[in-house]
Amino acid sequence: MGALLSSIYVIPVFAIPIFLIFITTKFVSLDEQIFIKNLTSEVVVDGPKAVFVNPFLTKSHEIKKALSLGPMEYCVVKSILSGEKRVEAGPKLVFLRSYDKIVRDETGNQKRQSVCLKSNEYIRFHDLKTGK
């Protein structure tokens, strides 16, 4: 009987809330974001912060690095709700908003190189959809 009692571990009542706070607190560094998918919405929190993720109201969460753009780089960001595209030019860190995705180019890269023109150079654009 004594061996049976010694194998039973008693968890103190105060340890459960401390453990719950420990596993649901996420630390987001300076160049990171946390994407929290709640039951009805998506929230994005930019770092640096300590974020409490409610385990009862959250479906999932993910910490992602912000995209770092150099001086001659840019990226195209598309909102999946409205379909609106915007261009983010470097140098900077690109922090996405809720429901944003970075549009990849033909080779699968997120970053694109900008073109620097001299005074006697030009670019002629040709729209492949309209032919103009």
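This report describes the fold, salt bridges, surface and backbone of a predicted model.

## Overall fold

The protein chain contains two helices and eleven strands.

The protein chain has 132 residues, of which 23% are buried. Its accessible surface is about 10,400 Å², and carbon and sulfur atoms account for 62% of that area. Counting contacts between residues at least 6 apart in sequence, 46% join residues at least 24 apart.

## Glu32 and its surroundings

Glu32 belongs to strand E2, which covers residues 32–38. Its relative accessibility is 16%, and because the buried class lies under 20%, Glu32 counts as buried. Leaving aside residues up to four places away in sequence, Glu32 touches Phe27, Val45, Asp46, Gly47, Ile63, Lys64, Lys65, Ala66 and Phe95.

The side chain of Glu32 takes part in two kinds of polar pairing. One of its polar atoms lies 3.2 Å from the backbone nitrogen of Ser29. Glu32 also forms a salt bridge with Lys65, with 3.9 Å between the closest N and O atoms.

Arg86 takes part in a salt bridge with Glu88, at an N to O distance of 2.8 Å, and in another with Asp100, at 2.9 Å. The pair of Asp100 and Arg86 links strand E10 (residues 100–103) to strand E8 (residues 85–89), and so it ties together parts that are 14 residues apart in sequence. Through shared partners, salt bridges join Arg86, Glu88, Lys92 and Asp100 into one network.

Are Arg86, Glu88 and Asp100 buried or exposed? Arg86 has a relative accessible area of 17% and is buried. Glu88 is buried as well, at 13%, and Asp100 is buried at 6%.

## Cysteines

The whole structure has zero disulfides. Two of its cysteines can be set side by side: Cys75 is buried, with a relative accessible area of 0%, while Cys116 is exposed, with a relative accessibility of 63%.

## A nonpolar surface patch

Val115, Leu117, Ile123 and Phe125 make a nonpolar surface patch of about 430 Å². Val115 is placed in the segment after strand E11 (112–113). At 59% relative accessibility, Val115 counts as exposed, because exposed residues are those over 50%.

## Backbone features

Most peptide bonds are trans, and most residues other than glycine have a negative phi.

A cis peptide bond joins Gly47 and Pro48, with omega about 0°. Pro48 is in the loop between strand E3 (42–46) and strand E4 (49–52). Gly47 is also one of the residues that Glu32 touches. The peptide bond from Gly90 to Pro91 is cis too, with omega near 5°. Pro91 sits in the loop between E8 and strand E9 (92–94).

Which residue other than glycine has a positive phi, near 65°? That residue is Tyr99, found in the loop between E9 and E10. Tyr99 has a relative accessibility of 25% and counts as partly exposed, because that class lies between the limits of 20% and 50%.

Key:
Residues are numbered from 1 along each chain as its sequence is written. This is a predicted model: local features need pLDDT of at least 70, side-chain atom pairs count only at pLDDT 80 or more; totals for chains, interfaces and linings use all residues. Side-chain values use heavy atoms; hydrogens and water are left out. Helices (H or I, at least four residues) and strands (E, at least two) are DSSP runs, numbered from the N terminus. Buried means under 20% relative accessible area, exposed over 50%, partly exposed in between (1.4 Å probe, protein chains only). A polar contact is a pair of N or O atoms within 3.5 Å; within protein, one must be able to donate a hydrogen and the other to accept it, and residues adjacent in sequence count only if both atoms are side-chain atoms. Contact means heavy atoms within 4.5 Å. Patches are made of residues with over 30% relative accessible area and no salt bridge: like charges are joined within 9 Å, nonpolar side chains (Val, Leu, Ile, Met, Phe, Trp, Tyr) within 5 Å. Accessible areas come from the Shrake-Rupley method with a 1.4 Å probe; for residues, only the protein chains shown count as cover. A salt bridge is a side-chain nitrogen of Lys or Arg within 4 Å of a carboxyl oxygen of Asp or Glu. A disulfide is a pair of cysteine sulfur atoms within 2.5 Å.
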